[in-house]
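User: I'm new to this one and I'd like to learn how to read it feature by feature. Could you walk me through it?

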Amino acid sequence: MAHDVRQWPSSGYPGEIDSECPEARETIDALLLNLARHGPSPEGYGVKTLGKKLGYLWQINLRVEKRQVRILYAPYGDEIVLFRIHKKGSPQEQQRAYELAIKRKR
């Protein structure tokens, strides 16, 4: 079953990739293709659900050039909505990324 991968807001992709982790563009493009083909939990990726405290977001961690890139998203039936793409950083930066994704989700 094919899934429709969307983003909110529309500047999230590729804008956030280009500003935070341009080296990860090809890897993220491949991930988005896998999400569209195989759904919100494609094989070969470390998918984690973040629970109620973090707005029921889902997270995928990717390693690109010795850096971690995180994608925060949520599945809605046959749609998958991306809310935030960012580099893993300090705990404060992580918290801001989660808060922004939760705000966008609402």
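User: Let's begin with accessibility: is Trp58 buried, partly exposed or exposed?

Analyst: The general idea is a set of cut-offs on relative accessible area: buried means under 20%, exposed means over 50%, and partly exposed is in between (1.4 Å probe, protein chains only). Trp58 has a relative accessible area of 21%, so it is partly exposed. Before we go on, keep in mind that this is a predicted model, where local features need pLDDT of at least 70 and side-chain atom pairs count only at pLDDT 80 or more, while totals for chains, interfaces and linings use all residues. Residues are numbered from 1 along each chain as its sequence is written, and side-chain values use heavy atoms, with hydrogens and water left out.

User: Which residue forms an aromatic pair with Trp58, and how do I read the pair?

Analyst: Two things describe a pair of aromatic rings: the distance of the centres and the angle of the planes. Rings of Phe, Tyr and Trp (its six-membered ring) pair if their centres lie within 6.5 Å; planes under 30 degrees apart are stacked, over 60 edge-to-face, and the rest tilted. This structure holds one aromatic pair. Trp58 and Tyr73 make it, with 6.0 Å centre to centre and 55° between the planes, so it counts as tilted. The pair links distant parts of the chain, 15 residues apart: Trp58 is in strand β3 (residues 58-64) and Tyr73 in strand β4 (residues 67-76). Those labels come from DSSP runs numbered from the N terminus: helices are H or I with at least four residues, strands E with at least two. Tyr73, for its part, is buried, with a relative accessible area of 0%.

User: Where else does Tyr73 turn up, and what is a nonpolar core?

Analyst: A nonpolar core is a set of buried Ala, Val, Leu, Ile, Met, Phe, Trp, Tyr and Cys residues joined through side-chain atoms within 4.5 Å. The largest one here has 16 residues, and Tyr73 is among those that touch the most other members, along with Ile28, Leu35, Val69 and Ile71. Two or more residues come from each of α2 (25-38), β3, β4 and β5 (79-87). Of these, α2 gives the most, with four residues.

User: What is Leu35 in contact with?

Analyst: Contact means heavy atoms within 4.5 Å. Leaving aside neighbours within four places in sequence, Leu35 is in contact with His3, Val5, Pro40, Pro42, Ile60, Tyr73, Ile80 and Leu82. Another core, of ten residues, lies apart from the largest one, and its members include Leu54, Leu57, Leu72 and Phe83.

User: How do I read helix α3?

Analyst: Start with the span, expected to be 1.5 Å times one less than the number of residues. The 15 residues of α3 (residues 91-105) should span 21 Å, and the end C-alpha atoms are 21 Å apart, which agrees. Next, look at the sides: Gln94, Ala97, Tyr98, Ala101, Ile102 and Arg104 are buried. Down the axis, the buried residues fall within an arc of 165° (taken from the directions from the helix axis to the C-beta atoms), so they line one face of α3. On the other side, Arg96 and Lys103 are exposed.

User: What does Arg104 touch?

Analyst: Not counting residues up to four places away in sequence, Arg104 touches Trp8, Pro9, Glu16, Phe83 and Arg84. Arg104 has a relative accessible area of 18%, so it is buried.
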